[in-house]
Amino acid sequence: MEILIHKLIRNGWPQDCEQEMIDDSLLEKSEGSIDDENEHTTWTEWRLDGKIVKRGAHVRLKKNVAAEAVAAMFY
Amino acid sequence: MANSQAMVTAFKVQALCGTHALGTQAANGVRTVTTKDVVKLALFLASASRGAGDTVYDTTGELAGTGNYTQGGVTLTNATEPTNDGTTAHWTPSASASWTNLTSSGAFDAAVLYNSSATNKNEISVHTFSSQSITGADFTLTMPTNNGTTGLIRIA
């Protein structure tokens, strides 16, 4: 299967295109994740000769911002 | 400096002044809000310094407008009215923010919400996450569960 990769720059490859198709068997695919109190994030990377040529991510926010509402007492 | 997660202080002041309308409200003897403000979300480089002291959205430290990213960010879907959960008021955009086939101009770790309807593009909040670099692929930022504990914007 072929996938679209971005800006593959190396000798002998087309230099004049932003993207090109490449057989995914040539790429090393890896996935990772972070899960902590602030976020749950997953990402997928594709490397060619050790260089990242495609990387996507999904961040799910867990932590919010809050304002403390205070109604002062009269003394 | 680095980006810091925060509800912008100026937004708190403006909330007391009635500057922002994240939801609508029926006639209540004071004012009627029939049109919600447009809230946008923009992505900022890990080298930026966005935080509680911000006042308005600007492009300082934002991803460059390249690689399918447009400066100014994306409009957030706002289909759910602000509400309360016990004594905590909360509001959360009702859909994820996403970019297709994005190539980021650098590593980014912050999303800035701002009121796009306001002339000054008043900033609302800064939300940080792990540093990400995207290369020719999709990036999605999913909102937390909208309740009194995890809603994106809370007044407790």
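## Contacts of Ala110(B)

Ala110(B) is in contact (C-beta atoms, placed from the backbone, within 7 Å) with Asn3(B), Phe44(B), Ala48(B), Arg50(B), Val126(B), His127(B) and Thr128(B), leaving aside neighbours within four places in sequence. This is a predicted model: local features need pLDDT of at least 70, side-chain atom pairs count only at pLDDT 80 or more, and totals for chains, interfaces and linings use all residues. Residues are numbered from 1 along each chain as its sequence is written, while chains are lettered from A and ligands numbered from 1 in the order written.

## The chain interface

In chain B, 29 residues are in contact with 26 residues of chain A. β9(B) gives the largest share of the chain B side, six residues. That side divides into 13 nonpolar, 13 polar and three charged residues. Here Ala, Val, Leu, Ile, Met, Phe, Trp, Tyr, Cys and Pro count as nonpolar, Asp, Glu, Lys and Arg as charged, and the others, Gly among them, as polar.

## A sheet across both chains

Strands are DSSP runs (E, at least two residues), numbered from the N terminus. Two strands pair if DSSP finds at least two bridges between them. An open sheet of five strands runs β3(A)-β4(A)-β5(A)-β9(B)-β6(B), with mixed pairing. Its edge strands are β3 (28-35) of chain A and β6 of chain B.

β5(A) and β9(B) run parallel, joined by four bridges. His58(A) has Thr140(B) as its bridge partner in β9(B). β4 (residues 39-48) of chain A pairs with β5(A) in the antiparallel sense over ten bridges. There, Arg47(A) has Ile52(A) as its bridge partner in β5(A).

Terms used: Two residues are in contact if their C-beta atoms, placed from the backbone, lie within 7 Å.
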